[in-house]
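Open the structure in your viewer and follow along. Each stop says what to select and what is there.

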Amino acid sequence: MTHVAAIGARRRVTGLATAGVVVLPADDPEAVRAAWSELPADVGLVILTPDAAAALGPGPLEAEDPLTAVMPA
């Protein structure tokens with residue numbers, strides 16, 4: 001079974017834990033990149049805040065695995 005993870009500012013992603021999302025708070029670009037590199041292997045979808053997506057750049061967003069979705073601003 002695959003899981004869903006969320007990376008981004010703590011205030012934007014913390015609430016997703018109530019839905020079973022693996023929450024990886026990251027409040028600055030270095031923390032975002034670290035969280036991305038430490039994603040569990042069973043994560044199939046990563047929800048990113050807009051700032052987290054910008055910190056990662058286009059590469060991870062264009063990858064097929066894991067799928068990514070960016071929250072609206």
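**Stop one: a buried threonine**

Select Thr 49, which is buried, with a relative accessible area of 4%. Buried means under 20% relative accessible area, with a 1.4 Å probe and protein chains only. This is a predicted model: local features need pLDDT of at least 70, side-chain atom pairs count only at pLDDT 80 or more, and totals for chains, interfaces and linings use all residues. Residues are numbered from 1 along each chain as its sequence is written, and side-chain values use heavy atoms, leaving out hydrogens and water.

Thr 49 sits in the loop between strand 3 (43-48) and helix 3. Helices (H or I, at least four residues) and strands (E, at least two) are DSSP runs, numbered from the N terminus.

Now show what Thr 49 touches. Leaving aside residues up to four places away in sequence, the list is Ile 7, Gly 8, Ala 9, Arg 12, Val 13, Val 70 and Met 71. Contact means heavy atoms within 4.5 Å.

**Stop two: the largest pocket**

Next, select Ala 9, Ala 26, Thr 49, Asp 51 and Ala 52. Of the 14 residues lining the largest pocket, these lie nearest its centre. Helix 1 (10-13), helix 2 (29-37) and helix 3 (50-56) each give two or more residues to that lining. Helix 3 gives the largest share, four residues.

**Stop three: the whole chain**

Zoom out. The chain has four helices and four strands. From the N terminus on, they run β-α-β-α-β-α-α-β. The C-alpha trace spans about 30 × 25 × 20 Å along its principal axes. Buried residues make up 34% of the 73 residues.

Notes:
On a 1 Å grid over the protein atoms alone, a cavity is a set of points where a 1.4 Å probe fits but cannot get out, and a pocket is an open set with protein on both sides within 12 Å along at least five of seven lines; lining residues have an atom within 4 Å of a point. Buried means under 20% relative accessible area, exposed over 50%, partly exposed in between (1.4 Å probe, protein chains only).
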